[in-house]
Amino acid sequence: MSDRPAARRIPLAFACLLLALLTASACGPRTSGKLVGHTRPIPKQVGGLSMSEARLGKPDTTFTFRAKRGGLLFVFFGFTNCPDLCPTTLGDLRKALRKVGPGADKVDVAFVTVDPGRDSSEAMARYLGSFFTGGHPLRPADNEQLLAVQAAFGAASSVTRKADGDVDVAHTALSYLVDEHGAVLLEWDYGTSPADLAHDLRLLLARNAGGTK
Amino acid sequence: MNRNVLPVLVLLFALVSLGSCTKRERHPMASEGLRGEAAVNLKGFHARPTPDGATVGAIFGTITAPLGDTLRAVKVAPDVAEKVEIHRIVQNAAGQMEMRPVPWLALPEDEPVELKPGGLHVMLFGLAAPLQAGKTVRLTLLFQDGGERVLEVPIRDE
């Protein structure tokens, strides 16, 4: 009877340790220095490009594809009549920014419509406004501008109007992170989890703050 | 003793035959009147709240048919959306993602078929009103054997 508690104590202590280790590895912020997104040996440069930014109740302004000083710019190409990929990506980014916490205000979000024929400035502003305050809803002036910007990022899309009036939109669904100089630092595949997005954002924001350029 | 068992057996046999009979009747091309509840398990069905100004929406969830079945069509009331289809996102030859309508969806025996972001979804075109979190959408699923399932799909973010 007297040795029972002692016998129970050892496994209990072990279990506690195991639990602590598991919790630390599963719940703690990832400290791995490896980015989940793709990087290129020579980053693409998009900082020389700009596009019309839609604003609700105000005239459009011009947006240049560069992050704020010390910040990051997230760019995604989509359209508002997109039921799955676009809201999934923007929703996942919103979750990721919540995870990032205080540094998240250094991340700007640009959403470029690949379907300017149907997406008005107002529609774009309202749509992006449902996900983020202070986002940049971008609408190309014409097809040439869209193609030039997409080419710089390595993105592509096509809009096909069918005989029955339906419109088919095909588009690449990668997301991009641009720095203050207009270099594309990172490309994320569609479906990258909010946790992985947050991990990469933290890592790059820390790099910016550390000035390791 | 034996005298009591026999009537029970006969009754049981009769019931079983009756059961298989109704099933056979319902099988290939059932008329509207013979529709029953389809023997499928539906899990996690939900619609995503739509962003401001969006005219399309999507419903996700998992369907399992223990005996195998085919999802033939999906329906919502006209005051929800103008048109509703099953869609699959595929990568085209140019590496771009596009949606293709799925005319019917095979449900292999006892194998969960997931409708999830980046894959399959129930596509709602021409929403009459934005899908708001906390509300529901009534969705009807029509199956091969004429059976159908009506469910109140919650609208929530996940």
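Colleague: In which helix is C86(A) placed?

Modeller: In this predicted model, C86(A) lies in helix α2 of chain A, which covers residues 85-100.

Colleague: Is C86(A) buried or exposed?

Modeller: A residue counts as buried when its relative accessible area is under 20%. C86(A) has a value of 0%, so C86(A) is buried.

Colleague: Which residues are in contact with C86(A), leaving aside neighbours within four places in sequence?

Modeller: Contact means heavy atoms within 4.5 Å. For C86(A) the list is F76(A), G78(A), F79(A), F111(A), Y127(A) and H171(A).

Colleague: What does UniProt list for "binding site"?

Modeller: The unreviewed UniProt entry gives C82(A), C86(A) and H171(A) under that name. These residues span 90 residues in sequence, but no two of their C-alpha atoms are more than 10.5 Å apart, so they gather at one spot.

Colleague: Where is H171(A) placed, and in which strand?

Modeller: H171(A) belongs to strand β7 of chain A, residues 167-171. With a relative accessible area of 2%, H171(A) is buried. Leaving aside neighbours within four places in sequence, its contacts include C82(A) and C86(A), and also Q96(B) and M97(B) of chain B.

Colleague: Which backbone oxygen does the side chain of H171(A) reach?

Modeller: That of F77(A), at 3.2 Å.

Colleague: What does S157(A) touch, not counting residues up to four places away in sequence?

Modeller: Among them are H171(A), V114(A), Q150(A) and Q96(B). S157(A) sits in strand β6, residues 157-161 of chain A, and counts as buried at 17% relative accessibility. The side chains of S157(A) and Q150(A) are joined by a polar contact of 3.0 Å.

Technical notes
Residues numbered from 1 in each chain as written. Chains lettered and ligands numbered in written order. Predicted model: local features only at pLDDT ≥ 70, side-chain atom pairs only at ≥ 80, totals over all residues. Heavy atoms only, no water. UniProt positions renumbered as here; feature names shortened; annotations may be inferred. Helix = DSSP H or I, 4+ residues; strand = E, 2+ residues; numbered from the N terminus. Buried < 20%, exposed > 50% of the residue type's maximum accessible area, 1.4 Å probe, protein only. Polar contact = N/O pair within 3.5 Å; in protein donor to acceptor, adjacent residues only side chain to side chain.
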